[in-house]
Amino acid sequence: MSDRTVQKVRVKVPASTANLGPGFDSLGMALNLYAWIDMAVADRTTVELIGDQMNGIPTDKSNLIYKVAQMVFAEAGVSIPELSISMYSEIPLTRGLGSSASAIVGALAAANALIGSRFSTYELFQMASRLEKHPDNVGASLYGGIVVAFWDDERAESIRLEPDGRLDVLVAIPEFQLSTEKARAVMPTQVAMKDAVYNLSHSSLLVAALATGKLGMIRHAMKDRLHQPYRASLIPGMQTLLDESGNYGALGVALSGAGPTMLALVDAESDRKTELESFLRGTLAKEGISAKLLWLKPCDGVTATLLAEGDEGLRRLVEKEVLA
Ligand SMILES: Nc1ncnc2c1ncn2[C@@H]1O[C@H](COP(=O)(O)OP(=O)(O)O)[C@@H](O)[C@H]1O
Ligand SMILES: N[C@@H](CCOP(=O)(O)O)C(=O)O
């Protein structure tokens, strides 16, 4: 252990939505649902999961947070074999809101803060993209805002766009889980040139619309032929939502990440929010799917805070400030 090592850190990391329709594996947006991770140097490794959101996550050294932290230490040439980790998360698992990316980014940021921030945010982004194998969710959780990025199996590059303040985000989170692995497995390995051109043009137009605040263009741009048509078979009601949400006040609609969550961009001033909620809820209900609806906002990326001896534990913070 080096003298630059601090004893305890807390990170707060946002959820993310990837793709935004046509930007498969290249567009992401941070959303204000959060996970908190406390990480401390310890004599014996412990993993405390607060709340029941993370049921089934391992609490030994096979835990993703522990493994990612060890990767950071190894890369820095530092030995901190035993960690005390506490976690609380509002981000539902395997629903397309980037829980795995938030865990990876949270672990990278916490471990890096523990060793005196030896790595830059850019270096953490390279590590995160290598682990997640696509940069959209990790880029958004790390940098915040809207992130436009690529990962070419060797390096990741990105630019953050400032989200327009008028953008509200409605997500419908179905009760069933769908792993990213399963939702990637239904996609073809090759696509027709016309579909590639369709996505290139729509994704480029979407980025331009988001960058210039031309919100009316979103309904034309937020369309996809690379992944959503294949994934629709896994999410009953999805095609109807994609085809018709625009008639109920959405600026645009997409599958959030690999799904099953559906996401609508909405003008914050819209007077049709209740109408849109009923349409989303009703369409999924017709397929026998109950869904939790949440209104979210784009937000900033991960933050890390060094903790002092007397600072309250994560469980207390969650009871006092998050669940209150
Ligand atoms: N806080 C966490 N700690 C450890 N593993 C996690 C955590 N959050 C998510 N994961 C892992 O990520 C998986 C979900 O990833 P994925 O299928 O990509 O869905 P999504 O990222 O959309 O929630 C979980 O099943 C779990 O293995
Ligand atoms: N671009 C990826 C995004 C997966 O996001 P997740 O939140 O579902 O993990 C994909 O579409 O597979």
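Let me begin with ligand 2: domain 1 (8-162 + 299-322) and domain 2 (167-296) both contribute residues to its shell, so ligand 2 lies between them. The domain bounds come from an automatic or database domain assignment. Please note that this is a predicted model, in which local features need pLDDT of at least 70, side-chain atom pairs count only at pLDDT 80 or more, and totals for chains, interfaces and linings use all residues. Residues are numbered from 1 along each chain as its sequence is written, while chains are lettered from A and ligands numbered from 1 in the order in which they are written.

The shell around ligand 2 holds 16 residues, the closest being A18, G96, T180, G257 and A258; a residue is near a molecule if its C-beta atom, placed from the backbone, lies within 6 Å of it. Helices α4 (135-143) and α5 (180-185) each supply at least two of the shell residues, helices being DSSP runs of H or I with at least four residues, and strands runs of E with at least two, numbered from the N terminus.

Finally, M39 belongs to strand β2 (residues 27-41). M39 counts as buried because it has 28 C-beta neighbours inside 10 Å; the cut-offs are 20 or more other C-beta atoms within 10 Å for buried, with C-beta atoms placed from the backbone.

Key: Buried ≥ 20, exposed ≤ 12 C-beta atoms within 10 Å, placed from the backbone.
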